[in-house]
Amino acid sequence: MDCQEGRPTLPSSRPFLSTANPSRPSRPAQFPQTSTPSLDAIKRIRRAQGISTQTRLIGVAVDIQEDVGNEGNGGSPGERQTSPVEGGEPSGGSSNTVPILAMVEAVTRGVEAALHNVLADGKMIPSQSGRCSRRHRVCEDEEVKLEKESEPAVHRDFILAEVRRLFKEKLGITQDLDFIMHRPATAEDVRAYEYEDGFGPDRNNLLFDLTQNYSSPWNTYILKLLCQELQARCKEENWPIKRGDNYIMEILREHYKRLQTVWRNAQPKLTSKGVLETPTETEARLVEGRIQMGKDSRQANHRQNKYHRRVMVLDEMVKSKSEAQDDDLQSWKWLRSLIKTLGEHGMSSEESSVENGVENVLRVKNMPWRRNIDRELEIVDFQCLLDTDIFSPQGSKPLTRKRSPDNPSTTRDVVKALPLALYDGAWFAQLTERQIEALNVPQQTFSWMKVVVA
């Protein structure tokens, strides 16, 4: 197979010479029985090596009009093709006219050789069936999930940091926001790689196809290159933490999804008037989105700190009550179980506000789906301020938290898979059967206890 610039070409065919014996009349040529001469060759290749998910066909046009005479002459097809005359020459008067059957056989052999080379040595390697591939992907996902659940958080943080460093170096960015200036791959290059014989992504200048997800052939090729680069760094730098390719690919895909979202958000959107945004409008939308993202990040950080602070308070109280053998030990254990069952996502958020034009306060957002546990939470929060022997009063003075039905409601989604006792009864009664199934309420019950300060 001759190659030019890395592209496979059809094998060159030598001209066929007429082998007709002048003393014997040539046998009438037979017409092909089908309109696709190379169909049998394609079928043989498919039976031998299978066919890929991206089917590629090679069509060869066969022009037989010159060899077919006028049907109005009344002659038979054989007589119209090669009527024997004296001297053994065809009726057309040309001594090197090739019979159609020989031409069809030559084209068939050429197409068969080309398909064999493409399917065996080219990019169209026969793949397994979709069902097997899906099962294989499910098994890989399960392995990665188990590995993530069993590893320490510090190990995953190390791998995530190395993945971020790799993306920054290969893409020439310092933060994810810089990816909005990324120049994506052209549609012509992507199509040439996926459906023709294009060269594919440049190793020294990685350009993602941002119109497609990470599973496209173009983006998958880039992610595999990055995975190889990361594994090579792991060996060269002798990392203390090593992970398999499936684990690394899962992180690379997630990081690409975040970068793709950043890039897509920076593209002009349609306005309410049906026209594209101007650069100024796009910039204003991005700035507003960044402000909201920062606000959401701060609130999430506050919820996490609030959760860990309350758990720490309750752990210390349970420890203290256990040592003193106090009779309210079970009440403190129940409060700790309540907070841990809700988790950090079950903690409320606050909005800063100014009361009476002087005092800065935090207005606690209402959570319609959560059972009213304001009294229980106040007991825990007040204990942190009350017992200064255990909890140091160092740091800035906390702002006053105001709870009121008039406060704004949270915009976060409801926390799922909680015991039924932790959901508000009136809110739960308004749900449809489909919404109740989506909550995935566990069968286990949570015994409720009414706790008051003695």
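Trainee: Why is Ala417 called partly exposed?

Mentor: Its relative accessibility is 41%, and the class takes values between the limits for buried (under 20% relative accessible area) and exposed (over 50%), computed with a 1.4 Å probe on protein chains only, so Ala417 falls into the partly exposed class. Before going on, note that this is a predicted model, in which local features need pLDDT of at least 70 and side-chain atom pairs count only at pLDDT 80 or more, whereas totals for chains, interfaces and linings use all residues. Residues are numbered from 1 along each chain as its sequence is written, and side-chain values use heavy atoms, with hydrogens and water left out.

Trainee: Where does Ala417 lie, and what is the value of its phi?

Mentor: Ala417 belongs to the loop between β5 and α12, where helices (DSSP runs of H or I, at least four residues) and strands (runs of E, at least two) are numbered from the N terminus. Its phi is near 60°, which is positive although the residue is not a glycine. Gln325, in the loop between α9 (279-324) and α10, is another non-glycine residue with a positive phi, of about 55°, and with a relative accessible area of 67% it is exposed.

Trainee: Why is the pair of Trp334 and Phe446 called tilted?

Mentor: Rings of Phe, Tyr and Trp (its six-membered ring) pair if their centres lie within 6.5 Å, and planes under 30 degrees apart count as stacked, over 60 as edge-to-face and the rest as tilted. Here the centres are 6.1 Å apart and the planes stand at 45°, so the rings pair and the pair is tilted. It links distant parts of the chain, with Trp334 in helix α10 (residues 329-342) and Phe446 in the segment after α13 (433-439), 112 residues apart, and both residues are buried.

Trainee: What makes Trp369 and Tyr423 a tilted pair, and which parts of the chain does the pair tie together?

Mentor: The distance is 6.0 Å centre to centre and the angle between the planes is 55°, which makes this aromatic pair tilted. Trp369 lies in the loop between β4 (359-364) and α11 (374-386), and Tyr423 in the loop between β5 (400-402) and α12 (425-429), so parts 54 residues apart in sequence are tied together. Both are buried, and together with Trp427 and Phe428 they form one aromatic cluster.

Trainee: How do you know that the charged end of Arg371 sits over the ring of Trp448?

Mentor: A charge sits over a ring if NZ of Lys or CZ of Arg is within 6 Å of the ring centre and within 35 degrees of the ring normal. Arg371 is counted as sitting over the ring of Trp448, at 3.9 Å from its centre, and Arg243 likewise lies over the face of Tyr247, at 5.5 Å from the ring centre.

Trainee: How do you know that the length of α5 agrees with expectation?

Mentor: The expected span is 1.5 Å times one less than the number of residues, so the 19 residues of α5 should span 27 Å, and its end C-alpha atoms are 27 Å apart, which agrees.

Trainee: Why is Phe179 called buried, and with which residues is it in contact?

Mentor: Its relative accessible area is 1%, so Phe179 is buried. Leaving aside neighbours within four places in sequence, its contacts (heavy atoms within 4.5 Å) are with Leu171, Ile173, Phe208, Leu210, Leu259, Gln260 and Trp263. The C-alpha atoms of Phe179 and Leu259 are separated by 6.6 Å, though the two are 80 residues apart along the chain.
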